Amino acid sequence: MQTAQRIIQQYRRKRVLVCVTVALLTLILTLGIRFISQRNLNQQRTVAFTAHSVNALDKVLMPLQAGQHDLQKLVGLPCSDAQLMLRKKAASLQTVRSIVLVKDGLLYCSSIFGSRDVPLRLVQPSLPSTDDKLVLSTDKSLLKGSPVLILWNPVSDDGESGVMQIVNIDLITRMMLEPQRPLITDVSLTVGDKYLRYGQNVSDTMTTGDDSAILRQTSRHFPFAITVSGPGASEQALVYLPTQLPLALMLSLLLGYVAWLATASRMSFTWEINLGIAAREFELFCQPLLNARTQQCVGVEILLRWNNPRQGWISPDVFIPLAEEHNLIVPLTRYVINETVKQIGYFPKTPAFHIGINVAATHFRHSVLIHDLNRYWFSQHPAQQLIVELTERDALLDVDYRIVRELHRQGVKLAIDDFGTGNSALSWLEKLRPDVLKIDKSFTTAIGTDAVNSTVTDIIIALGQRLNIELVAEGVETQEQARYLRHHGVSILQGFLYARPMPLKDFPRWLAESASPPAKRNGHILPIMP
Ligand code: C2E
Ligand code: CA
Ligand code: CA
């Protein structure tokens with residue numbers, strides 16, 4: 001059997017476990033949510049940044065594309081006739097550095113230098129070309145070394161003649177390709193097989209930093225792409241996570257505390273007792289009381305047993321004190337009274353048969369006991385004599401004597417349980433006027449072994465006789481004890497010698513067997529009369 005302390009500790013441990021789990025889950029969940037939202041934000045930022053860069057370059061190139069038809073008409077005209085138009089056009093497009101006309105592979109007219117005569121292949125090896133082309137290159141004439149984009153539009157089928165618009169992208173790429181640390185550590189522009197990174201020259205190979213590419217977006221209008229590198233949305237979100245720790249910790253502690261408060265009533269032994277009452281897990285047992293002289297069963301004491309499906313059998317010595325402590329003894333006793341009445345058919349239907357029910361002193365307050373007896377006991381009119389056993393360890397002095405008088409008036413007998421173990425003055429015996437004194441089993445056990453306690457037993461017996469109170473001896477285990485008590489005038493005996501507490505349904509069989517001749521009795525040996 002478990003001790004009350006152990007059971008309470010079990011519940012406390014369970015409660016702590018639940019609260020710690022709640023706190024940990026909150027912590028994990030908060031950090032998880034913060035991580036996911038930050039990762040999504042990083043992803044959105046990266047996508048927005050890349051899209052913005054692609055758009056920016058598209059916007060630069062689109063007017064060039066739109067105006068190409070006017071320029072194509074100029075190819076073939078003498079440079080002296082075409083140059084003014086070229087200059088005007090170049091001036092109207094802010095980003096265009098120069099516009100060049102090419103005839104039969106020869107660069108023959110430039111908006112800046114006027115008439116020229118240079119084979120285009122010498123300046124741009126990838127041009128001329130039969131298709132429209134975008135070329136990333138480096139300026140070789142004016143601002144040497146600065147990056148330029150060349151938009152080539154052929155006018156002849158052989159691709160040897162056409163218009164070349166040279167765009168100064170130095171400034172715009174500086175803005176477009178500037179990394180956004182810590183999320184975006186590197187941005188590059190790719191056109192064909194050429195690359196341009198922020199702060200670097202146009203190169204043939206893509207050189208990125210330590211971080212790998214996380215996003216690449218191509219333009220829908222022109223053949224270029226923007227590639228963004230960085231530690232990644234998730235990695236960056238992880239780095240950011242420690243900053244969220246104080247908030248997450250506070251939240252988890254708060255919820256852990258709320259869980260502690262919320263489980264106060266649910267995860268306690270008292271909750272378990274409530275549950276046990278509701279689920280009718282408590283079972284009634286009874287222990288017979290015998291007339292010391294005739295050996296006839298004169299009644300029973302009702303004793304509670306709890307087969308808790310979660311904890312196993314729990315002793316009344318564990319749950320009764322706890323029920324008393326947590327104000328649950330009243331509902332528990334109410335349950336006992338109600339169940340006893342329901343199963344009253346197991347007992348002989350005569351007023352000579354006594355049914356003892358253990359009642360705590362607190363139940364005497366404010367007439368609650370009277371109310372409960374009226375409701376559950378007297379309403380059913382049982383024939384048997386009800387005895388209310390009041391334990392001396394309870395605060396007997398708190399008992400309202402008017403209620404005791406009312407009980408007497410209704411024909412209920414009052415027994416003082418565990419008599420001799422409490423520390424109250426004898427004066428209340430006078431006031432309470434009990435009908436029965438139940439001598440505690442420690443005094444019965446002392447008979448023949450413990451001289452001091454045996455003397456107390458003798459005094460209690462004498463007291464009972466003097467005050468004309470019926471005496472019941474509890475815990476009779478040996479024939480020697482039974483003989484001694486009988487000789488000294490104790491009229492009723494109760495103990496393992498006669499019967500252990502048994503389920504109520506077993507009582508009729510026990511009664512039948514105990515009433516039959518000793519030879520037929522099944523295991524119950526009754527003391528031989530002296
Ligand atoms: P109690 O009222 O003094 O009940 C007698 C206890 O002594 C019972 O223990 C019974 O099994 C035990 N007993 C009877 N004969 C012998 C014997 O010969 N030897 C020994 N060693 N023990 C014997 P149980 O059933 O474990 O109950 C323990 C206590 O729990 C009871 O003591 C009573 O104070 C309380 N209790 C039990 N049922 C109820 C109940 O329905 N209501 C209340 N308020 N208390 C109850
Ligand atoms: Ca009792
Ligand atoms: Ca007792």
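Author: A polar contact is a pair of N or O atoms within 3.5 Å. Keep in mind that this is a predicted model.

Reader: OK. How far is an oxygen atom of ligand 1 from an N or O atom in the side chain of E301?

Author: The distance is 3.1 Å.

Reader: How much of the accessible area of ligand 1 does the protein cover?

Author: The protein covers 88% of the 780 Å² that ligand 1 has on its own.

Reader: How many residues surround ligand 1, and which are the closest?

Author: There are 22 around ligand 1. Q287, R305, D417, E477 and F496 are the closest.

Reader: Back to R305. Which ring face does R305 lie over?

Author: The face of F285, with R305 at 5.3 Å from the ring centre.

Reader: Where does the charged end of K14 sit?

Author: Over the ring of Y11, 5.1 Å from its centre.

Reader: Switching to aromatics. How many aromatic pairs does the structure hold?

Author: It holds 8. One of them is F507 with W510, which is stacked. Their centres are 5.9 Å apart, with 25° between the planes.

Reader: Which residues do ring pairs link into a cluster?

Author: F282, W306, F319 and Y335.

Definitions and conventions. Residues are numbered from 1 along each chain as its sequence is written. Chains are lettered from A and ligands numbered from 1 in the order in which they are written. This is a predicted model: local features need pLDDT of at least 70, side-chain atom pairs count only at pLDDT 80 or more; totals for chains, interfaces and linings use all residues. Side-chain values use heavy atoms; hydrogens and water are left out. Rings of Phe, Tyr and Trp (its six-membered ring) pair if their centres lie within 6.5 Å; planes under 30 degrees apart count as stacked, over 60 as edge-to-face and the rest as tilted. A charge sits over a ring if NZ of Lys or CZ of Arg is within 6 Å of the ring centre and within 35 degrees of the ring normal. A residue is near a molecule or strand if one of its heavy atoms lies within 4 Å of it. A polar contact is a pair of N or O atoms within 3.5 Å; within protein, one must be able to donate a hydrogen and the other to accept it, and residues adjacent in sequence count only if both atoms are side-chain atoms. Accessible areas come from the Shrake-Rupley method with a 1.4 Å probe; for residues, only the protein chains shown count as cover.
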